[in-house]
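Let's walk through this model together, strand by strand and then ring by ring. Have the 3D view open as you read.

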Amino acid sequence: MNGTTIKVLYFAQVAELTKTREEQWPLAQALSCAEWLAQLESRYPQLAPVKRLKLAINQYHVGHHSVINPGDEVAVFEPVTGG
């Protein structure tokens, strides 16, 4: 992976809506998860509202206040419900 992209993985309903499971995303500098999610919603409006989506960076669950850096792997998935 080079230092100007991130690897984005989509799971379950998110993958169905984006019609892809994985893509490279250009990212030249660090960005908060909230800022990146806004870009994601611009690219895939069908994911709105993106505030509900959960993220993992490099296989660690993170909040929307966390920072995505070039070279990271970001996983995007729906909140899990259970009982």
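In this predicted model, β4 and strand β7 (residues 73-77) run antiparallel to each other, paired over 4 bridges.

Now step back to the whole sheet. It is open and built from 5 strands, in the order β2-β1-β7-β4-β5, with mixed pairing. At its edges you will find β2 (22-26) and β5 (60-62), each of which pairs on one side only. From one strand to the next, the twist averages 30°. Next, bring the helix α2 into view: α2 lies across β1, β2, β4, β5 and β7, and runs at about 115° to β2.

The structure holds 2 aromatic pairs. One of them joins Y10 and Y44 in an edge-to-face arrangement, with 6.0 Å centre to centre and 80° between the planes. What does this pair tie together? Y10 belongs to strand β1 (residues 5-10), while Y44 sits in the loop between α2 (33-43) and β4 (54-57), so the contact links parts that are 34 residues apart in sequence.

Are these two tyrosines, Y10 and Y44, buried or exposed? The cut-off for buried is under 20% relative accessible area. Y10 counts as buried because its relative accessibility is 1%, and Y44 is buried too, with a relative accessible area of 11%.

One last stop is a charge and a ring: R43 places its charged end over the ring of W25, 3.7 Å from the ring's centre.

Note on methods
Residues are numbered from 1 along each chain as its sequence is written. This is a predicted model: local features need pLDDT of at least 70, side-chain atom pairs count only at pLDDT 80 or more; totals for chains, interfaces and linings use all residues. Side-chain values use heavy atoms; hydrogens and water are left out. Rings of Phe, Tyr and Trp (its six-membered ring) pair if their centres lie within 6.5 Å; planes under 30 degrees apart count as stacked, over 60 as edge-to-face and the rest as tilted. Helices (H or I, at least four residues) and strands (E, at least two) are DSSP runs, numbered from the N terminus. Buried means under 20% relative accessible area, exposed over 50%, partly exposed in between (1.4 Å probe, protein chains only). A charge sits over a ring if NZ of Lys or CZ of Arg is within 6 Å of the ring centre and within 35 degrees of the ring normal. Two strands pair if DSSP finds at least two bridges between them. Axes are lines fitted to C-alpha atoms, for helices over the stretch in contact, and angles run from 0 to 180 degrees between N-to-C directions. Contact means heavy atoms within 4.5 Å.
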